[in-house]
Amino acid sequence: MAPEPPLLSMSGITKSFPGVRALDGVDLDVQAGEVHCLLGQNGAGKSTLIKVLAGAHQPDTGTIRWRGEDVTLRSPIAAMRLGIATIYQELDLVEHLSVAENVHLGHEPTAAGFVVRGKTAKASTAALLKRLGHPEVDPGRLVGDLSAAQQQIVSMARALSHDVRLIVMDEPSAALDPDEVDNLFRIVADLTADGVAVVYISHRLEEIRRIGDRVTVLKDGRAVAGGLPAESTPTREVVALMTGRNVEYVFPDRPAAPPVGEPVLRVQGLSREGEFAPLDLDVRPGEIVGLAGLVGSGRSEILETVYGARKAHTGQVLVDGRPLRPGSVRAAVRAGLGLAPEERKAQGLLMLESVTRNVSVSAMSRFSRGGWIDRGAELGAARKATRELSLRPDNPSVPVRTLSGGNQQKAVLARWLLRGCRVLLLDEPTRGVDVGARAELYAVIRRLADEGLAVLLVSSEVPEVLGLADRVLVLREGRVVHEAPARELDEHRVLDLVMEGSPAS
């Protein structure tokens, strides 16, 4: 008798976006009733793969088989009709609707061809919530009034309101406390006992051991291992698969001796509830301090709070010993802080404006007289700043949207140089930058530090943090679990710390 085919089989899946090959021939098979874990560092292709499975992206090439038959998932509705539900890390709930309305959104209960509201929808929702072990959640309550854990339960109830056979869970435990994680695992065990398959995405290897049956590891858009036993595969082997490199990182030399002198930036007891615990750090002139951690570790939130884009709940930020007004970007900029944000196109650049205007926008008072702008002075200052960073093309009049990713990042850095900033905050400085341009940016960042800037750096690329920084703080779930000179760390050690939650040594 022939064995049962996999519930799901994805073969040779490719997907490209402008300048990026996100998936490069990925294979994935999932059996009914199993928990198949999907691992990989940020940028490995996990999100793109699950969006293909959810019908949100169409693959360029490759085949998808569902219960032994070829299928085309043209939309999320098509995937749901087959029995494939996806619960994203950023829950797609409508906060101003009730729990019952969210659960049945798009497929409201009907009778005699008419939509049935009120008691019928609430009763079916209550039954689903009871199945999930949360009968206390009121189906009539607004979703926006629920906790993060309760909102996740609502997302699961919505998935189960369909005849679902496979559920994709993207970092489902990221916002949960230990008791809530235990309840999540109980729900997953109940689902798989009923024959439902689960694709489980997590950075937490201890969770994979507890809940997973098999593991597929993605690296640079490829499946570098498939079907590994979750419980018995050594952590070191999984980490090695995730971190194998196809490109060399070329970093400039560090100074022989660490920077000395008083810190220009000092952070004392800074925290935001639910994002990161009280934090102390300092950065001296000429020093690059790196924050290493996974998604959800609080890296970007720390940078944005230091910059004043988020208001701290406790603690303070000091520049040259003077405290900044909490939650004030203007105060931070006046004190000499500059931020190159992770989403530079949306948050860091005026994409329809020229390079000149993007570089000068934070220092316009230098070129304004009586309500008029001295265009010649503005252009000259922008040209000088961009030439110092070797921005190409050497024409600051061109629209910034026409530049490559690396040169767009240089335009952001040139803005802060023109402003005369003393502390540079870098969030994912090489995201969207090709390999050749990365080495240029690394050299620029090191040179700026050598000239006396204090740099606080966040990157998802562990080799980038270790190669650029003089000193590294390792974060896990909003807490510093280790601090050391970069020379004393390696990639495996950092990943062990962030994944396994090793205590600071």
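Reply: What follows is a close look at the cavities and the residues around them. The model is predicted, so local features need pLDDT of at least 70 and side-chain atom pairs count only at pLDDT 80 or more, while totals for chains, interfaces and linings use all residues. Residues are numbered from 1 along each chain as its sequence is written, and side-chain values use heavy atoms, with hydrogens and water left out.

A cavity is a set of points, on a 1 Å grid over the protein atoms alone, where a 1.4 Å probe fits but cannot get out, and its lining residues have an atom within 4 Å of a point. The volume is the space filled by probe spheres set on the points, which are joined across faces, edges and corners. The structure holds two cavities of 30 Å³ or more.

The largest cavity contains about 90 Å³ of space. Among the 14 residues that line this cavity, T305, V317, R325, P326 and G327 are the closest to its centre. Two elements, α9 (299–307) and β16 (314–319), each give two or more residues to that lining; helices (H or I, at least four residues) and strands (E, at least two) are DSSP runs, numbered from the N terminus. The lining divides into seven nonpolar, five polar and two charged residues, where Ala, Val, Leu, Ile, Met, Phe, Trp, Tyr, Cys and Pro count as nonpolar, Asp, Glu, Lys and Arg as charged, and the others, Gly among them, as polar.

The second largest cavity holds about 50 Å³, and its lining includes L39, R209 and T233. Helix α7 (residues 205–211) supplies the largest share of this lining, three residues. Here the division is seven nonpolar, one polar and one charged.

Definitions and conventions. 1 Å grid on protein atoms, 1.4 Å probe; cavity = no way out; pocket = protein on both sides within 12 Å on 5 of 7 lines; lining within 4 Å.
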